[in-house]
Amino acid sequence: MNPVVAQAIGIVAMFFHIFSYQQKTAKGIIACQLFGSLFFGISYLMLGAYVATMLNVVGMIRAVAFLKKDKLHTERIGWLIGFGFAYVAAYILNFTLLHKEPSLYNLLIEALPVVGLFATHLAFRHNSTKTIRRFCVVSSVSWLIFNILTVAIGAILCEAFSLVSIVVAMVRFDKEKT
């Protein structure tokens, strides 16, 4: 597959993710993240980063569920356990079904997106944009390290800009009024 196209799709995804942190509502953040995950999933697939592809698909399903959190009661522990199982299953499938070499390096590196998705999942369980942004810092750092090591340029830029965007939003919206 064309790596330039894959990187360009990653850059489109980047814009959705960066824009998400400037949203004033939890639903706005989640909706933008949904579209970002769609484009990142396609980009990672084209780059051969299959664990990231699978995790972005799970992330899209999770975003849809959390957009309907009141109706689906996503605050219940069953959702956390169910999605947690899906994150871990994608990680395991990467080494079994997809035959990624289970070296110590790969085991650690491929775990980073799982940490990122768990952090985002915990973020989405909250209505407070302040809390969402804090969990998303953990997610962005995890994904940034993974993306640097897999040379996903659009995703690297996304996480770098996302971290800046999160900090800007924290200053704009989250600081205590004095």
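## Exercises on a predicted model

The largest pocket is lined by 17 residues, and those nearest its centre are Gly48, Ala49, Lys100, Glu110 and Thr150. The model is predicted, so that local features need pLDDT of at least 70 and side-chain atom pairs count only at pLDDT 80 or more, while totals for chains, interfaces and linings use all residues. Residues are numbered from 1 along each chain as its sequence is written, and side-chain values use heavy atoms, with hydrogens and water left out.

### Exercise 1: the pocket

Describe the volume and the lining of the largest pocket.

Solution. 
- Step 1. On a 1 Å grid over the protein atoms alone, a pocket is an open set of points with protein on both sides within 12 Å along at least five of seven lines, and a lining residue has an atom within 4 Å of a point; a cavity is a set where a 1.4 Å probe fits but cannot get out.
- Step 2. The volume of the largest pocket is about 190 Å³, a volume being the space filled by probe spheres set on the points, which are joined across faces, edges and corners.
- Step 3. Two or more residues of this lining come from each of helix 2 (26–47), helix 3, helix 6 (104–109) and helix 8 (129–150). Helices are DSSP runs (H or I, at least four residues), numbered from the N terminus.
- Step 4. By class, the lining of the largest pocket holds 11 nonpolar, 4 polar and 2 charged residues. Ala, Val, Leu, Ile, Met, Phe, Trp, Tyr, Cys and Pro count as nonpolar, Asp, Glu, Lys and Arg as charged, and the others, Gly among them, as polar.

### Exercise 2: the cavity

How many cavities of 30 Å³ or more does a search of the whole structure find, and what lines the largest cavity?

Solution. 
- Step 1. The search finds 1 cavity of 30 Å³ or more. About 210 Å³ of space lies in the largest cavity.
- Step 2. Its lining has 21 residues, and His17, Gln33, Ser139, Trp143 and Glu159 lie nearest the centre.
- Step 3. Helix 8 gives the largest share of this lining, 5 residues.
- Step 4. By class, the lining of the largest cavity has 9 nonpolar, 10 polar and 2 charged residues.

### Exercise 3: positive phi

What is the phi of His99, and what is that of Val151?

Solution. 
- Step 1. Most residues other than glycine have a negative phi.
- Step 2. His99 has a positive phi, near 60°. This residue is in the loop between helix 5 and helix 6 and is exposed, because its relative accessibility is 66%.
- Step 3. Val151, also not a glycine, has a positive phi of about 55° and is found in the loop between helix 8 and helix 9.

Technical notes. Buried means under 20% relative accessible area, exposed over 50%, partly exposed in between (1.4 Å probe, protein chains only).
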